[in-house]
Amino acid sequence: MTRIDLTETYPYPIAQVWAALTDKAAISEWLMTTDDFEPVVGCKFRLRSKPMPGWRGFVDCVVLEATPPARLSYSWVGDEKRPPMTVTWTLTAVAHGTRLQLEHSGFEGFGGFILAKLMMGPGWKKMMRKKLPAVIEVRLQKETA
Amino acid sequence: MLADGERPVLSLASCFSVSVPAVSQHLAVLRACGLVEERREGRQRVYYLTPDPLREVAEWMAIYQRFWTDRLGALGAFLARQAGHTPPKPRKKGRRS
């Protein structure tokens, strides 16, 4: 699966970083506007911004995991035509602050989404699981190089 | 395999322990998804990767890569405001897989 991984270290205590990730007023300041986020599994919330050409201007999410102060995960649907993605925040206390890891996964593309639904036969399944992702990875690396 | 260039169906089939018709069927699915395209060459069909859906994913990811890098910066600034002092330079590590 293709994903984005980013890590940043902030010189603040883990509780403060957790609060910034889970308080809706805080989220609205640094990420996008929300008035219905709660750090509770199953909570459906919307992140709103300005619509742009090619984007409807909001993201619909559902909290998948909320384990203070270490892990927060939510589904991410920014475009109803695409498969849902997942955003996961992992917090670790380090010597002078907090390490924050962000993982945004699910960049399969529309073709991959359909393929995942079509794959049936066992030999085919194995081939697709191992070979196709490798091909896509190589291809993406070439494309982005 | 197609990442290295176009291949005729027989050549593709020889790499898998499945029949040629089975491989053809699989290629038809890939084609329906817009991931490969075929062209006729004499009596056989040659398959090649269509880069567009993959390029689209790469562009889509690049947008999010920028978005999250900006947001992580905004989070740092927010935390600094909360703590009541000017933002120190965070150490930054980015990786894309």
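Guide: What follows starts with chain B and its sheet, then turns to the cores and to a few single residues.

The model is predicted. Chain B contains three helices and four strands, and their order along the sequence is β-α-α-β-β-α-β. Of the 97 residues in chain B, 36% are buried. The accessible surface of this chain is about 5,800 Å², and carbon and sulfur atoms account for 52% of that area. If one takes the contacts in chain B between residues at least 6 apart in sequence, 36% of them link residues at least 24 apart.

The sheet in question is open and has three strands, in the order 1-3-2 of chain B, with antiparallel pairing. Its edges are strand 1 (7-8) and strand 2 (36-41) of chain B, each of which pairs on one side only. Strand 2 of chain B is joined to strand 3 (residues 44-49) of chain B by six bridges, in the antiparallel sense. One position in this pairing can be picked out by residue: Arg39(B) has Val46(B), in strand 3 of chain B, as its bridge partner. In general, the strands of a sheet pair through backbone hydrogen bonds, in a parallel or an antiparallel way.

Helix 2 (residues 20-32) of chain B lies across strand 2 and strand 3 of chain B, and the angle it makes with strand 2 of chain B is about 125°.

Next, the nonpolar cores. The largest one has 44 residues, and the residues with the most contacts inside it are Tyr74(A), Trp76(A), Trp89(A) and Trp68(B). Helix 3 (residues 51-83) of chain B supplies the largest share of this core, 12 residues. A second, separate core has 13 residues, among them Leu2(B), Leu30(B), Cys33(B) and Val36(B). In soluble globular proteins, nonpolar side chains tend to be buried together.

On the chain A side, Tyr74(A) shows what such packing looks like residue by residue. Leaving out residues up to four places away in sequence, Tyr74(A) touches residues including Leu31(A), Phe37(A), Phe45(A), Cys61(A), Met85(A) and Trp89(A). Ser75(A) belongs to strand 4 (residues 71-76) of chain A. Why does Ser75(A) count as buried? Ser75(A) is assigned to that class because its relative accessibility is 14%, and buried means under 20%. With residues up to four places away in sequence again left out, Ser75(A) touches Asp60(A), Cys61(A), Val62(A), Leu64(A), Met85(A) and Thr86(A).

Over all chains, a search of the whole structure finds zero disulfides. Cys43(A) is in no disulfide, and the nearest cysteine sulfur, which belongs to Cys61(A), is 9.5 Å away. Cys43(A) counts as buried because its relative accessibility is 14%, whereas Cys15(B), at 41% relative accessibility, counts as partly exposed.

Ala19(A) has a relative accessible area of 35%, so Ala19(A) is partly exposed.

Conventions:
Residues are numbered from 1 along each chain as its sequence is written. Chains are lettered from A and ligands numbered from 1 in the order in which they are written. This is a predicted model: local features need pLDDT of at least 70, side-chain atom pairs count only at pLDDT 80 or more; totals for chains, interfaces and linings use all residues. Side-chain values use heavy atoms; hydrogens and water are left out. Helices (H or I, at least four residues) and strands (E, at least two) are DSSP runs, numbered from the N terminus. Buried means under 20% relative accessible area, exposed over 50%, partly exposed in between (1.4 Å probe, protein chains only). Contact means heavy atoms within 4.5 Å. Accessible areas come from the Shrake-Rupley method with a 1.4 Å probe; for residues, only the protein chains shown count as cover. A nonpolar core is a set of buried Ala, Val, Leu, Ile, Met, Phe, Trp, Tyr and Cys residues joined through side-chain atoms within 4.5 Å. A disulfide is a pair of cysteine sulfur atoms within 2.5 Å. Two strands pair if DSSP finds at least two bridges between them. Axes are lines fitted to C-alpha atoms, for helices over the stretch in contact, and angles run from 0 to 180 degrees between N-to-C directions.
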